[in-house]
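Dear colleague,

Please find the structure below, followed by a short account of what was found in it.

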Amino acid sequence: MTATHPIELVCPAGSLPALKTAVDAGADCVYVGFKNATNARNFTGLNFTDASMREGIRYAHERGRKVLLALNTYPQAGNWPEWTRTIDSAADMGVDAVILADPGLMRYANRTHPDLRLHLSVQGSATSYEAINFYRDQFGIQRAVLPRVLSLPQVAHVIANTSVEIEVFGFGGLCVMVEGRCSLSAYATGESPNCNGACSPGKHVRWEQTPKGMETRLNGILIDRFADDERAGYPTLCKGRFGVGDETYYAIEEPTSLNTLELLPDLARAGVRAIKIEGRQRSPAYVQQVTRVWRAAIDRLKTDGERFAVQPDWMAALNNVSEGQSHTLGAYYRPWK
Amino acid sequence: MTQMKLALGPHQYYWPRQAMMDFYGHVAESPVDIVYVGESVCSRRHEMRLDDWFDVARVLAEAGKEVVFSSLVLIESESDLKVLRKLVGQPDFRVEANDMAAVQALIGAGHTHWVAGPTLNVFNPETMNVFAEQGATRWAVPPEMAREAMDGLLAASDPRPEVEVTAYGRLPLAYSARCFTARHFNLQKDTCEFRCLQHAEGMPLKTREGEAFLTLNGIQTQSAKVYNLLGDLPALRASGVDVLRVLPQSEHMSELLSLFRRAIDGEIAPADAFAQSQALMPEAPCNGFWHGKPGLEQYVAAA
């Protein structure tokens, strides 16, 4: 399997410049979203208008690359037409696939645009081949993005038992929770990845220098407090320091990034078809740095095969752009769990 | 209008087998109509074997309860799928699907009377119809969904499912591959020493100002505050909610179920029931989700 299907590199773009940068740096696919709540990175100042989307698709297609549209939030009765209109525009503009999470939307896309390729979003929470095969049998999805919860052997087991292509996260911000099954942000702020496309949204964030240190709050809730010699991070609520029992620590997860570069040969051997880089909210500079490294690594794997070795300068480049300047293998490495 | 039913939701915690057996023994005698059983949180929890759950289910059924088996929310391994197939393969009890793997198995087995669980993310009528066509006859509303959005879904759903709303308990907010209880004790999940057994209602997580924020319950994260819609009973009724789900806790369970029963039956005013429930709760109440607000907030229902 690995010999016949090269791994696709799927890179994020939160803007037209980022998309062009990703294409120029060697992304096979760029995934994007529109400027509204239809996608899970609905942040101020981010994402595409109709015009920039058309231009982005033109730019990518002229260079033989693909554009994937993330439409991976869950619409409700009152706003449903905004999501279906977005699918219609995407099909009309010629995106190469739409990344969906909601079964109702998949049915709509499948019936209205039978030629439109469907990918199951990580927000669909499909962690087993049975779940993935449900979406395949019902809506004809051709690819599924796995939540960041499975160990490497578990990923291989999923791939061995489904005809659906599997895409996994390779690098970037780490969701500790099963994507699509987390209401922590909704509990704290009223806005969630599922329904609003936002986690720990900026408008609820407050930074405050106090005698005890720099405090970061989310809707008034103290997420962390930093000493003068500590770098104060964004208050993503699962990455703060809290008290449990007598200890104050990163009770859920440290501010760290996922980096699976060293697992690349194993992922290829397991039959992974695409590697996704997280970070549509990040800058074009981040996109360029990460895309270049991963492009080089995937190309090196093709030529070196079993002799593949991670280059120190790749790791240094990736660590430079990591959240918290540290990285983890996440759930791929079982002891992380 | 049919009478609103009272359900006891699936047990979220890990208790010793005898404690669990005793708990459900009391439930059998309580004024509850529906009981959700089975392990839905962590596949490593096995004080209660599947056969124990079937024993519990039979006792509850003999006491006149409708029994539903809740499926595991996070499926990771082939052995998780095997347990799922056993649940779906048994002919006696309904199944609540909490993951799409369960839906796939139910469809494969030709079931036509299952429950779409709260983690299936049914947020719109089109998705509801997808599941209804495949045999879902009851919809457990995702707790983060506001009343207004629920009303919108129901107005456009055909056929209209039976509707169940989580009305009491610490809210299940997130699931992870990582076990946060094991992490607290510097253990890995695979060798967790089953530390959850020592925390009958999970471990409180507080902010550095000492404010109760969340509850760590193994791989599940819950709210610290207790969701409580007793005061919102008139609105639940007006929206046509068919079933109220109360989640298990370690103390005062019988009193709580009786209080809900009396409130549903109109023997006590909702505001009074809410006031009385305060003494039975392990933490302060919240009801923000129902009102379309941050979940941890508390609103007084309009009279």
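**Findings**

In chain B, G152(B) is partly exposed, because its relative accessible area is 24%, and the range called partly exposed lies between under 20% for buried and over 50% for exposed. Please note that this is a predicted model. G152(B) belongs to helix 6 of chain B, which covers residues 147-156.

I turn now to chain A and its domains. The domain assignment divides chain A into domain 1, made of 8-174 + 256-336, and domain 2, made of 184-249. Between the C-alpha centres of these two domains of chain A there is a distance of 27 Å.

The size of an interface is often expressed as the accessible area that is lost when the parts come together. For domain 1 and domain 2 of chain A, the buried area is about 860 Å², with 39% of it on carbon and sulfur atoms.

Next comes a sheet in chain A. This open sheet has three strands in the order 9-10-11, and their pairing is antiparallel. Its edge strands are strand 9 (205-210) and strand 11 (221-226) of chain A, each of which pairs on one side only. On average, neighbouring strands of the sheet are turned by 25 degrees against each other, with direction ignored.

Strand 9 and strand 10 of chain A are joined in the antiparallel sense by six bridges, and they form a hairpin with two residues between them. Within this pairing, Q209(A) has M214(A) in strand 10 as its bridge partner.

Strand 10 of chain A, residues 213-218, also pairs with strand 11 in the antiparallel sense, over five bridges. Here R217(A) stands opposite L222(A), while L218(A) faces I221(A) of strand 11. The hairpin of strands 10 and 11 of chain A has two residues between the strands, and N219(A) takes a positive phi near 50 degrees in it.

Is strand 10 of chain A mostly covered or mostly uncovered? Strand 10 is mostly covered, as five of its six residues are buried.

Yours sincerely

Methods: Residues are numbered from 1 along each chain as its sequence is written. Chains are lettered from A and ligands numbered from 1 in the order in which they are written. This is a predicted model: local features need pLDDT of at least 70, side-chain atom pairs count only at pLDDT 80 or more; totals for chains, interfaces and linings use all residues. Side-chain values use heavy atoms; hydrogens and water are left out. Two strands pair if DSSP finds at least two bridges between them. Helices (H or I, at least four residues) and strands (E, at least two) are DSSP runs, numbered from the N terminus. Axes are lines fitted to C-alpha atoms, for helices over the stretch in contact, and angles run from 0 to 180 degrees between N-to-C directions. Buried means under 20% relative accessible area, exposed over 50%, partly exposed in between (1.4 Å probe, protein chains only). Domain bounds come from an automatic or database domain assignment. Buried area is the accessible area (1.4 Å probe) that two parts lose on being put together, summed over both.
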